[in-house]
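Dear colleague,

I am passing this structure on to you, and below it you will find my notes on what turned up. Please read them with the structure open beside you.

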Amino acid sequence: MTLASSPPDPLASLRTRPLFAAGLGVLALAAIFAAPWLARPFTITLLTEAYVFAIWAMSLNLLSGHAGLLSFGHAAGFGLGGYAAGYFAREVTADIVAALLFAEAVVFVVAALAGAVATRLSGVAFSIVSLCIAQVLYQVAIAWRAVTEGMDGLLGVPLPRLVGFTIRNGVSFYFLVAAVMLATLAGLALVLKSPFGATLRAIRTNDVRAASIGIDVRLHKWLAFVISWMLAGVAGALMVFLKAGTTPMSLHWSESGNVLIMTIFGGLGTIVGPVIGAVCFVFLRDALTSALAVWQLAFGLIFVVVVVIFPSGLAGLPAQLGKLSWRSSR
């Protein structure tokens, strides 16, 4: 007599998911810290750029993925932070903490004013206004040559200094950017799990119902807008030190499109999705530009395939594979 096999437990994958996520997190941290000893110098530069983009993508994810405000002009905070930090480092001091504080102050003032206008709108209207704001700043960067040096770009930004030590490009700057990226990821994870994060998701789901239960929708949208721009400003400041300068193209609408692609590619509305999307974007772009003249077409096809097969982005891949394995075992 054979015993009937017990039916698969649909909750088993849910119970093991935290352990699986923790294991992936430990592996990711180990890879981040081991990379300088395992990878070539050029790969370290690509990883550093990817981590900067990850901070930028996480800032957009807060605004678009959790607050529901799809921005077509998120290059504004990134480019503005880069110009402010670069100008301060070149003209005043290369201390990276001072440059970051100055850049954040500039970004906060502009974001507070722009957000007061933009967050009165929603949907397509907000997206178009965000694009217009970024394009206005792009034109200012071209025209204000006394500060930005126009299309020539703000060049000659010195190496950053921290507590009296010069941080050179390579392993030292890699670890600095990695630390900032991990701190941003941890901080946003806490914010999104807080009542503020839950309120943003309620507004994203239905802002009319959120207002009807007493939530100040406009204030929360404005806060998400300002925080998002300030995080983008941190990424822009780090990028200007990595590249030793910046140009008006950092404010262009095409850059806003790139960060939106990174966020969707990795997983809009997830926590680690923007990091995955940024890393994949940088390395795919490098591989495709080396092999193809029309790399944008090839990347676009890859992007479409990933979004169609994995609507929740690459961050949702483990969950979807888990669902498929459970269905196949039934």
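Helix α2 supplies the largest share of the lining of the largest cavity, 4 residues, helices being DSSP runs (H or I, at least four residues) numbered from the N terminus. The model is a predicted one, in which local features need pLDDT of at least 70 and side-chain atom pairs count only at pLDDT 80 or more, while totals for chains, interfaces and linings use all residues. Residues are numbered from 1 along each chain as its sequence is written, and side-chain values use heavy atoms, with hydrogens and water left out.

The lining of this cavity consists of Met58, Asn61, Leu62, His66, Leu188, Leu192, Thr270 and Ile271 (on a 1 Å grid over the protein atoms alone, a cavity is a set of points where a 1.4 Å probe fits but cannot get out, and lining residues have an atom within 4 Å of a point). Its volume is about 60 Å³, counted as the space filled by probe spheres set on the points, which are joined across faces, edges and corners.

Turning to the rings, a search of the whole structure finds 13 aromatic pairs (rings of Phe, Tyr and Trp, the last by its six-membered ring, with centres within 6.5 Å; planes under 30 degrees apart are stacked, over 60 edge-to-face, the rest tilted). Phenylalanine 53 and phenylalanine 78 form a tilted pair, 6.5 Å centre to centre with 45° between the planes, and this pair links helix α2 (residues 41–66) to helix α3 (residues 75–91) across 25 residues. Tryptophan 56 and phenylalanine 78 are stacked, at 3.9 Å and 15°, and both are buried (under 20% relative accessible area with a 1.4 Å probe, protein chains only; exposed is over 50%, partly exposed in between).

With best regards

Terms used: Helices (H or I, at least four residues) and strands (E, at least two) are DSSP runs, numbered from the N terminus. On a 1 Å grid over the protein atoms alone, a cavity is a set of points where a 1.4 Å probe fits but cannot get out, and a pocket is an open set with protein on both sides within 12 Å along at least five of seven lines; lining residues have an atom within 4 Å of a point.
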